[in-house]
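Please open the model in your viewer and keep the selection tool at hand. This tour goes from one stop to the next, saying at each what to select and what is there.

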Amino acid sequence: MAIQLYNTLTRRKEPLVPADPGRVTMYVCGPTVYSHPHIGNARPAVVFDVLFRVLRRHYGVVYARNITDVDDKINAAAAEAGVPITAVSDRYTAIYHHDMEALAVLPPTLEPRATDHIDGMIAMVERLIAQGHAYEVESHVLFHVPSFAAYGRLSGRAREDMIAGARVEVAPYKRDPADFVLWKPSTDDLPGWDSPWGRGRPGWHLECSCMIEAHLGQTIDIHGGGQDLVFPHHENEIAQSTCAHGGKLFCRHWVHNGFVNVDQEKMSKSLGNVLLVRDLLAQAPGETVRAALLGAHYRKPLDWSAQTLPRAQRSLDRLYGTLRDLGDVAPAPDAAPPPAVMAALEDDLNTPQAFAELHELTRAANAAADSAERARYKAQLLAAGEVLGLLGQRPEEWFERRGDAQIEIDEIERLIAARGAARSAKDFATADRIRDELLERGVALEDGAQGTRWRFTGGGGGDSA
């Protein structure tokens, strides 16, 4: 059957009908890289990774997930640390890659960075001004919301709620209280770029519109992200992109995942209940964290508690236990995932139902005596695991190591500092030993005029100064 996805814009499940029958374009809002990712950041990465895996079975897929590397939060973190913004954004991009790789999240087809698209942002703002949808005032450029009659359709909010919910200053120079910033001025201590309106930097909403235009075109098939982005971020994207493209449809399907709560409370810094991915990886294998994130339907809130990881661990242990018991047979070649598993995933990514079907398969596999049947069940389990991003280890390795977490970023930096101290003391034997130890743990060092940089040898991370 056709893949069905719930469309936030129409508020119903709809068959996916891409513009090109053989190709799907998908954009998902990625991280703003100023701190360690938490499970609220990880949930969309994992959810849309599963969608990416499902889509690839039917289409060619161009999947873009951006990096927001210019933002006021990054500026604040850099100022507090006394370093350039690139030092903050590069470090936390590498950390994000590391943590997502530990959760078996595949790299997207494209990973554009906002700072590489400033010229395109300036060009889009110029078009919006020329078309009467934006205006310059006091070195700012603002989008004039009343110029777009469909504003508010995605979120379904009343005008008063949109103004209150936008959490933006209702500045006296705005023509309308709902107008939002496309470009804003930068002081000398802030990052900025030359523009027709003076030295400044883009508004957050503008960044995604321009990266989509540059890499996927004026109309895309799927736009994803967390439910918290519906308003104002995605509402503003629709307005500026539609107007910049002469009224052309911006996106066919809007897909949003639900919030992550902790012990039935909203996760927030003020409550002190923010769960970092790195801390969860210290408690359980990445595969367990991934299974836990997929344990609830993506559109529903996910309530995280002390039982969440142990429950996911037990579920994976049962699946790996069946694979271990089937170790005496080779999996049948070219087997597809069980139809019931794919039917669940193609029905608006119903991962709880997919897990239920997987466990039904293990019961059948455990009861099978015929070697051909056992080979078929084993192949189906592995194929279903691949679509879900699970069951990627040998069962013996799983039970022996429980998928130990990879080396942490803080540990990498500690060892690099120790190596630097050893080199300064001309203790080259110790320096070489530390380099070799890091290489064995999947981290390569590169010494240069700017200092020592590192990268993951597995290709899933980035690099850092």
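**Stop one: aromatic pairs**

Begin by selecting Phe-143 and Phe-180, both of which are buried (buried means under 20% relative accessible area, exposed over 50% and partly exposed in between, with a 1.4 Å probe and protein chains only). This is a predicted model, in which local features need pLDDT of at least 70 and side-chain atom pairs count only at pLDDT 80 or more, while totals for chains, interfaces and linings use all residues. Residues are numbered from 1 along each chain as its sequence is written, and side-chain values use heavy atoms, with hydrogens and water left out.

The structure holds five aromatic pairs, where rings of Phe, Tyr and Trp (its six-membered ring) pair if their centres lie within 6.5 Å, and planes under 30 degrees apart count as stacked, over 60 as edge-to-face and the rest as tilted. One of them is the stacked pair of Phe-143 and Phe-180, with 5.1 Å from centre to centre and 15° between the planes. Because Phe-143 belongs to strand S6 (residues 140–143) and Phe-180 to strand S7 (residues 180–185), this pair ties together parts that are 37 residues apart in sequence. Helices (H or I, at least four residues) and strands (E, at least two) are DSSP runs, numbered from the N terminus.

Next, select Tyr-320 and Trp-398, whose ring centres are 4.6 Å apart with planes at 15°, so that this pair is stacked too. Tyr-320 lies in helix H10 (residues 308–325) and Trp-398 in helix H14 (residues 395–401), so the pair ties together parts that are 78 residues apart in sequence. Tyr-320 is buried, with a relative accessible area of 0%, and Trp-398 is buried with a value of 0% as well.

**Stop two: an open sheet**

Now select strands S4, S3, S9 and S10, which in that order make an open sheet of four strands with parallel pairing; two strands pair if DSSP finds at least two bridges between them. Strand S4 (60–65) and strand S10 (251–257) stand at the edges, each with a single partner strand, so one side of each has no neighbour in the sheet. Then look at strand S9 (residues 220–226), which runs parallel to S10 and is joined to S10 by six bridges, and find Gly-225, which stands opposite His-256 in S10.

**Stop three: helix H2**

Finally, select helix H2 (residues 72–81), where the buried residues are Ile-74, Asn-75 and Ala-78.
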